[in-house]
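This report goes through one protein model by region. The sequence and structure come next, followed by the notes.

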Amino acid sequence: MMSRRHGEDYADLVVKKDGSVQLKIDLPPPCAIHDSPELWDEAARRQYLKWEVRRLEARLPPGVESVKWTNGPSTSSTSPPPWRVEAVINGPEGSAYRSSEGIRVLMLLSENYPSVPPDVNILQTVHHFFLDHDNGLPHIYYELLTDIAESASSESPRFSLRDALRLLYHVLQSPLHPCAGCQEQFDVYARMNRERLETIEQYGVQCCHAELFDRDAGWRAEWLHPTLRAAIESGTDEALRKVVEEVTEGVYRFPMLTHACCEMIIDEVDTYTASGLPTSRPNSMNKYGLVLNEIGMEPMFNSLQERVLRHIARLLFSDEGAQLDRHHSFVVQYAAGKDLGLDMHTDNSDVTFNVCLGRQFEGAGLTFCGYMGQAKHRKLTHCYRHVKGDCVVHLGRRRHGADDITSGERLNLIIWNHNLVFRNSKAYLELQQQKRYEREAGPPDIECLSYTHDRDYLQYKEKPAAHAKMTRRPWCPPKFAAHDAGQSPSSEDLQTEDDGGAGSELGAVEDDESTLEDAKVIQEVLASVLSEAEATSR
Ligand SMILES: O=C(O)CCC(=O)C(=O)O
Ligand SMILES: [Fe+2]
């Protein structure tokens with residue numbers, strides 16, 4: 001006799017035109033009935049997942065608008081884990097987490113799913129108390145998911161996508177844990193999200209180029225430089241490879257946008273700036289510029305990522321560029337009286353695309369050094385000269401900085417791309433935790449020093465003229481990785497300021513310090529998710 005689990009359902013009632021009622025039963029694959037998941041092989045797990053997605057599509061849980069398996073057309077029979085299931089979820093009517101677009105969610109399923117939980121990721125900008133700076137859900141979410149999985153089975157836990165989505169719908173409505181001030185914090189973020197959506201809506205009716213906001217049409221082929229467009233349309237790696245030039249090891253350039261497109265984006269930045277609507281800083285280091293994801297252009301850059309950037313990233317960077325899932329897209333702006341340049345840094349990005357939009361300028365090159373964590377991290381490799389319409393692409397962990405502009409004004413479009421599978425990898429996490437740090441090869445090159453990040457900066461250079469505007473968070477290189485000739489930094493070198501802004505160079509992954517132990521409230525949430533599950537599967 002098969003035991004019935006929370007969160008699963010097997011049957012649909014279909015009312016036919018003639019008024020008769022048909023009962024359709026879609027049972028899980030045999031392995032799910034007879035064996036516990038530990039005994040399943042990969043084919044059985046894939047088969048089970050296929051069934052789960054089919055059941056979800058047949059009856060979507062509350063708030064969920066769509067679900068699809070996205071590993072590609074051959075998903076069901078051949079794609080290797082992690083399997084990728086995308087969903088769109090929306091908060092309840094009238095809530096701060098409801099929009100016409102909905103919230104895109106990616107569930108990554110390892111080869112051990114459903115014995116282990118899905119890794120649930122939000123793919124777009126959402127201001128929510130529970131999401132960390134990388135849009136990650138907190139431990140409590142997974143603890144609750146585990147409780148739900150365990151409560152459904154006396155043997156081994158079996159996780160379900162349906163439960164994951166139900167719990168996410170809860171997250172969009174109220175805090176999952178009872179820490180002091182939790183509800184207030186939840187409300188603050190919800191208000192921020194509501195304001196963000198209102199700003200996007202208000203700007204939508206006064207924008208300059210409506211086509212930049214047309215998410216149905218997406219990124220248009222005619223905005224691409226003709227050479228790139230032809231290569232993309234040919235659909236071959238060889239054609240793309242011919243368009244891309246390696247300017248130094250690991251840094252590439254290619255013609256990307258037409259001048260008309262560059263001007264259209266600049267017009268939009270000018271129009272938004274003149275509108276008086278709220279603006280946010282692109283990252284913790286640029287003070288001028290505009291986050292395009294905050295003005296309603298995020299869907300347009302999703303489309304650019306999908307149609308163009310993914311192909312190039314995959315071709316150039318086999319690990320980091322294997323899949324681009326999410327982006328932070330913004331414009332930086334340099335001119336006398338604004339930011340002049342940008343201190344040496346690495347990006348909170350796996351693969352960065354940087355396109356020069358104009359206007360007229362002199363100076364303002366982009367200097368590249370080595371890779372974070374490597375012996376030559378602070379050794380000069382290349383000075384790149386920006387050309388309007390051209391894109392330079394590099395790994396986010398490549399150290400780089402913008403040289404001061406000497407006249408005119410420069411605007412660049414920057415797209416920081418995240419690869420979520422790569423971000424779960426040991427290589428990525430160990431680098432973030434500074435566990436993979438080679439000893440520096442020797443003293444740093446002067447051009448590669450970062451006032452913001454280097455502990456020993458002042459041993460080699462004077463404070464920069466703009467230092468009063470710069471937030472100093474010196475940590476690099478970690479003491480154990482300093483070169484042999486390195487002296488111990490002075491106390492001033494070690495002084496740290498912290499504005500709590502979004503990090504563009506992350507020394508370490510922040511621990512999620514959820515101190516969330518009020519069993520009573522957790523039990524209440526759990527009970528309510530379970531009872532909803534019961535109610536809708538009946
Ligand atoms: O100004 C540039 O070209 C580079 C900007 C940059 O590196 C960044 O915003 O992360
Ligand atoms: Fe950067």
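Ile 312 is found in helix α9; helices are DSSP runs of H or I with at least four residues, strands are runs of E with at least two, and both are numbered from the N terminus. At 0% relative accessibility, Ile 312 counts as buried (buried means under 20% relative accessible area, exposed over 50%, partly exposed in between, with a 1.4 Å probe and protein chains only). Leaving aside residues up to four places away in sequence, Ile 312 touches Leu 228, Leu 240, Phe 254 and Phe 353, a contact being heavy atoms within 4.5 Å. Between Ile 312 and Ser 450 the C-alpha to C-alpha distance is 29 Å, at a separation of 138 residues in sequence.

## Basis and overall make-up

The model is predicted: local features need pLDDT of at least 70, side-chain atom pairs count only at pLDDT 80 or more, and totals for chains, interfaces and linings use all residues. Residues are numbered from 1 along each chain as its sequence is written, chains are lettered from A and ligands numbered from 1 in the order in which they are written, and side-chain values use heavy atoms, with hydrogens and water left out.

The protein has 14 helices and 18 strands. Of its 538 residues, 54% count as buried. Among contacts with a separation of 6 or more, 72% are between residues 24 or more positions apart.

## Nonpolar cores

The largest nonpolar core has 52 residues, and those with the most contacts inside it are Trp 219, Phe 254, Leu 257, Phe 353 and Leu 413. Such a core is a set of buried Ala, Val, Leu, Ile, Met, Phe, Trp, Tyr and Cys residues joined through side-chain atoms within 4.5 Å. Elements that give two or more residues to this core include α6 (226-234), β8 (251-255), β12 (351-358) and β18 (405-418). Its largest share, nine residues, comes from α9.

Phe 254 touches residues that include Leu 228, Val 243, Ile 312, Phe 353 and Cys 391, not counting residues up to four places away in sequence. A second, separate core of 41 residues includes Val 67, Val 105, Leu 165 and Ala 190.

## Iron site

His 345 (NE2), Asp 347 (OD) and His 400 (NE2) coordinate the iron ion (ligand 2) at 2.1 Å. Donors are N, O and S atoms within 2.8 Å of the metal (3.2 Å for Na, K and Ca); water is not among the atoms, so sites may look incomplete. Along the chain the donors follow the spacing H-x1-D-x52-H. His 345 lies in strand β11 (residues 342-345) and His 400 in strand β17 (residues 398-402), so the pair ties together parts that are 55 residues apart in sequence. His 345 counts as buried at 4% relative accessibility, and His 400 counts as buried at 4%.

## Backbone features

A cis peptide bond, with omega about 0°, joins Pro 81 and Pro 82. Pro 82 is found in the loop between β3 (64-69) and β4 (83-89). Another cis peptide bond joins Gly 358 and Arg 359, with omega about 0°, and Arg 359 is found in the loop between β12 and β13 (361-363).

Ala 364 is not a glycine, yet has a positive phi of about 65°. Ala 364 is found in the loop between β13 and β14 (366-371) and is buried, with a relative accessible area of 0%.
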